[in-house]
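Here is a short report on strand packing, the nonpolar core and aromatic contacts. Look at the sequence and the model first.

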Amino acid sequence: MVFNRLRTKSASAEEPAPAEEPAGSADPEATVADASVGHPDDDPRWARLTSRALGELAEAPEIYRPTSFWGPGLDQLLKDMREGGLANFKRWPTAPFWFLPRYGSVFTQATLGKVMAKIHEVHPNAKEHFVKPALFGVHHAMRDIDAARLAWNHSAWPTDLAERGESSIGNANQAFSLVPEDPSVKFGKAYLNYMLVMTALSRHIDAPPKSVLEIGGGAGHLGEFLMSRDPQVRYVDVDLPPLVTVASYYLTELFGDRVLTYDDRIASTGPIDVPKSAVLPNWRLGDLQGPFDVAVNCFSFQEMEPDVVEHYAARISDLDAEYVVSYNSRAGKRKATEDNKIGVIVPVTSDRIVKMFESHGYELLETYGRPLVHSAANLVVMRRPR
């Protein structure tokens with residue numbers, strides 16, 4: 001199956017499209033065979049979903065195809081999926097860069113031993129149980145969950161944040177026990193990022209959201225957070241392949257038939273009825289029916305070109321999302337160069353994202369930084385009253 005899966009131009013109003021292929025783009029004649037998209041141990045339905053999504057991506061409107069930043073990501077993640085399988089997606093070599101952030105540096109016990117040996121040369125009495133949390137990022141994770149628990153608006157959204165954590169599905173190599181009430185409950189950075197995002201939202205709503213749209217949901221951790229707390233919530237994630245497959249696998253393993261996936265129940269064109277929750281390709285966004293209580297984007301608008309973010313802002317407006325929550329870089333992602341092709345053509349900053357939504361009638365309610373979030377990104381909450 002041969003297809004052009006990348007955008008051929010950048011339609012930024014500020015910078016004309018370059019005459020050549022955007023930096024970071026893969027070969028537009030790249031071939032992905034149906035048989036090569038899945039791991040032998042995975043359920044064949046996930047390979048079928050991936051093959052279908054890749055095939056339709058070739059014919060999708062250009063605005064929905066991977067831009068400069070994500071061209072290499074598609075190829076790298078497909079390789080990880082073929083070699084590592086979905087059961088181990090949290091351990092894929094390129095996952096931390098593309099969709100599954102981690103705290104600190106990922107030390108093994110062997111490298112930790114070497115570091116401790118060097119430390120003991122300088123400080124013979126240094127204790128591993130003091131050094132290890134700093135190297136592994138435990139203190140940062142603990143800070144995040146403590147900040148969320150302190151700031152959460154329980155009067156509007158009653159829930160126990162310490163009661164439920166991240167699932168072991170996906171075989172993560174970083175998951176921390178952070179609450180003394182139950183050491184078996186564990187948390188990774190992606191999950192805690194979404195906890196902080198929902199913490200910010202909780203401070204502006206009167207009741208828990210019942211319908212949530214996410215643009216670029218990665219592995220589906222927001223869906224996990226919401227659906228584990230409310231059996232009636234409607235969560236819809238739209239994303240590129242193969243992350244549409246990863247999130248479909250993850251949320252189906254967790255919630256079974258509560259999740260509609262992109263299989264033969266859904267025609268390739270026409271409206272899509274989502275009575276419960278769903279994971280769908282991003283180019284089917286226009287086939288969804290609103291309204292949604294909330295639309296969310298975490299760390300992926302910053303990876304897109306300005307015209308693409310403008311398009312998503314317009315579609316979110318069309319779907320009548322009352323609240324929009326954006327957690328994206330204050331400065332934008334760095335530009336692609338000849339030496340490092342993974343980058344954007346025109347950076348999109350958090351402030352620019354806010355202005356895009358303001359043009360559709362949304363008002364900025366709050367911008368969160370420290371003490372709620374320690375990040376190079378701004379966490380912003382916007383609203384357009386109905």
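S7, H10 and S8 form a right-handed β-α-β unit. Right-handed means that, with the strands pointing away from the viewer, the path from the first strand over the helix to the second runs clockwise. Helices (H or I, at least four residues) and strands (E, at least two) are DSSP runs, numbered from the N terminus. This is a predicted model: local features need pLDDT of at least 70, side-chain atom pairs count only at pLDDT 80 or more, and totals for chains, interfaces and linings use all residues. Residues are numbered from 1 along each chain as its sequence is written, and side-chain values use heavy atoms, with hydrogens and water left out.

**Strand S7.** Strands pair if DSSP finds at least two bridges between them. S7 and strand S8 (residues 323–329) run parallel, joined by five bridges. Here asparagine 297 stands opposite serine 326. Three bridges join S7 to strand S3 (residues 211–215), also in parallel. Glutamate 214 has valine 296 as its bridge partner in S7.

Five of the five residues of S7 (residues 294–298) are buried, so the strand is largely enclosed by the rest of the structure. Buried means under 20% relative accessible area, with a 1.4 Å probe and protein chains only. In a regular strand, side chains alternate between the two faces of the sheet. Val294, Val296 and Cys298 point one way from S7, and Ala295 and Asn297 point the other way.

**Core.** A nonpolar core is a set of buried Ala, Val, Leu, Ile, Met, Phe, Trp, Tyr and Cys residues joined through side-chain atoms within 4.5 Å. The largest has 122 residues, and Phe99, Met198, Leu280 and Ile316 have the most contacts inside it. Helix H7 (residues 189–202) supplies the largest share of this core, ten residues.

**Aromatic pairs.** Rings of Phe, Tyr and Trp (its six-membered ring) pair if their centres lie within 6.5 Å; planes under 30 degrees apart count as stacked, over 60 as edge-to-face and the rest as tilted. The count comes to 20 aromatic pairs. Two edge-to-face examples follow.

| Pair | Centre to centre | Angle between planes |
|---|---|---|
| Tyrosine 64 and tyrosine 312 | 6.0 Å | 65° |
| Phenylalanine 69 and tryptophan 98 | 5.5 Å | 80° |

Tyrosine 64 lies in the loop between helix H1 (44–59) and helix H2 (71–84), and tyrosine 312 in helix H10 (residues 306–318), so this pair ties together parts 248 residues apart in sequence. Tryptophan 98 is buried at 4%.

Notes
Buried means under 20% relative accessible area, exposed over 50%, partly exposed in between (1.4 Å probe, protein chains only).
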